[in-house]
Amino acid sequence: MSLTRRQFLAAAAGVGGAALTGGVLADQVWPLLSREDLVPGRTPELVLPARAWETTPDRLTFAAVGDTGTGGRQAVAVAARMAQGYEQNPYGLITHLGDICYYGKIDDRFEDVFLRPYGPLVQAGVDVELAIGNHDGEVYFSDARLEEIETELRLLGTPARYYRSTHGPVDFFYLDSSTPGLFGPDASAQLDWLDDALATSTSQWKIVCLHHPPYSSGRHGATPGAEDLLIPVLERHAVDLVLAGHDHNYERTIPLDGITYVVSGGGAKLTPVRPSRITAAAASVLQYLHVEVDGDRLTGRCIRPDGGLVDRFTLRAREGR
Amino acid sequence: MSTRVRARRTVREGAAAAYGLAALGVVVAPALILDSTATGGGVAPSWQAWDLVAVSAVLGLGYGVVCYRRLRRQSTMTRSRPNVWIAAVHALVALALLSSVLLAVVLHQLGNMQAPLAGQEWSLLALWGGVQLLAIAAAEAVERGVFRWLTSPERRAAAGHGGRPVPARHYRRGP
């Protein structure tokens, strides 16, 4: 069978196009579809009992979740599980580990990414405290970015870009880890503040919340600069637990100089994680962290949207606290 | 009918069926990817999660059957089988690319409309199906365009100088 010139050209273009398309689909488009959470999720229809939690000077229950800002089906599935978690074991606080809004501005998307998925918990009166993430204000350290962050802080009632809050036996320290805020040339102001705040903390538990993980075996990995600038401050003041997001997976490290580092960034999207020598538990799953503090014992449970338990760990308070 | 002719026909029908299955596969692929990601990430399987797969499967199955029947007919009757298969390959490439890329682009661009889309399930399904129908229509256009381009010299020759070219559809029916 002989081909005409047109047939040969068209056949060659077809084979080339097929090879190119296969490559683009396999390397770019299909991974993008599986990585992002683009399909809108149905609003959870739970009605939760208001203010059902109990916080005392030595007891606190809270939830930690990060990278929830899609408003998609996966984000809603995590939020719905958090609401079910509240039904079973109520908590009055969500520590949000950043990236509360993807794909647009928070003013336009607040209902989609927050009020709709977290409606039942918001209605129940649960507080949300935010650690600012790199997607919370897409434009790099500009006026527009600061304005976006200010809007987020206002909508969530968060007092400042970095701040401290106390709930029961726990002092929480929220950092703005977006570069160059914490790890760049302007780091000193925030690190000095953290140093002072940790030094004056008298609570039994000290938990630092930030978006960029000091240690991570996920896609982004450990945050450059954290080891030199941040970790010495955390170790000097014997912080108990560091909660972070950014990588869209779950990971808990073994205690490193007494500090346990947890990445809880599976609030909507998924990326792979490869356990490393410091990993105690890791999984590429959608998840949130349900934490109970009872006296000198802190118990964390990483929970998937289907209710499955990914990890459970217990920490004991430092000696002398 | 000799064994050789029967074997050739079987090969042609098999190729047409494989093409139909490929068309079904590339239409359903985006929905399957989303579903498997969510399930792998720990979202409990439910019938609601299969809605997009069901819409894609209906469209993909319909288009796959259309492709199979057309290729089976054309590859036995048409004047030039290479033209048919070359045009079909182009259409499949366009369908594979567009059925995934268009969905990603449209869903990303409609980020600000999640609440109304999520509030009315049918509107999401209509959007999903509409985008995939658009991809199928584009693939059809590519198939026809390539086929027309490939057969135009023959049609011009058949019409003679100064005459109107023979319509491309006549070349799908064979001599």
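In chain A, the C-alpha centres of domain 1 and domain 2 lie 44 Å apart. Domain 1 covers residues 1-35 of chain A, and domain 2 covers residues 42-316. The model is predicted. Chain A and chain B bury about 3,500 Å² between them, and the rule finds one salt bridge across their interface.

**Extent of the interface**

- Chain A brings 42 residues to the contact, and chain B brings 44 residues.
- Of the area of about 3,500 Å² that the two chains bury, 66% is on carbon and sulfur atoms.
- On the chain A side, the residues that lose the most area to chain B are Arg6(A), Leu33(A) and Arg42(A). Together these residues account for 20% of what that side buries.

**Polar and charged pairs between the chains**

- The salt bridge joins Arg73(A) to Asp51(B), with 2.8 Å between the closest N and O atoms.
- Nine residue pairs, with both residues at pLDDT 80 or more, are in polar contact between chain A and chain B.

**The chain A side of the contact**

- Three helices of chain A each give two or more residues to the side that touches chain B: H1 (5-35), H2 (73-88) and H3 (106-115).
- H1(A) gives the most to this side, with 16 residues.
- By residue class, the side of chain A that touches chain B holds 21 nonpolar, 11 polar and 10 charged residues.

**Aromatic pairs**

- Over all chains, a search of the whole structure finds 11 aromatic pairs.

Methods:
Residues are numbered from 1 along each chain as its sequence is written. Chains are lettered from A and ligands numbered from 1 in the order in which they are written. This is a predicted model: local features need pLDDT of at least 70, side-chain atom pairs count only at pLDDT 80 or more; totals for chains, interfaces and linings use all residues. Side-chain values use heavy atoms; hydrogens and water are left out. Contact means heavy atoms within 4.5 Å. Buried area is the accessible area (1.4 Å probe) that two parts lose on being put together, summed over both. A salt bridge is a side-chain nitrogen of Lys or Arg within 4 Å of a carboxyl oxygen of Asp or Glu. A polar contact is a pair of N or O atoms within 3.5 Å; within protein, one must be able to donate a hydrogen and the other to accept it, and residues adjacent in sequence count only if both atoms are side-chain atoms. Helices (H or I, at least four residues) and strands (E, at least two) are DSSP runs, numbered from the N terminus. Ala, Val, Leu, Ile, Met, Phe, Trp, Tyr, Cys and Pro count as nonpolar, Asp, Glu, Lys and Arg as charged, and the others, Gly among them, as polar. Domain bounds come from an automatic or database domain assignment. Rings of Phe, Tyr and Trp (its six-membered ring) pair if their centres lie within 6.5 Å; planes under 30 degrees apart count as stacked, over 60 as edge-to-face and the rest as tilted.
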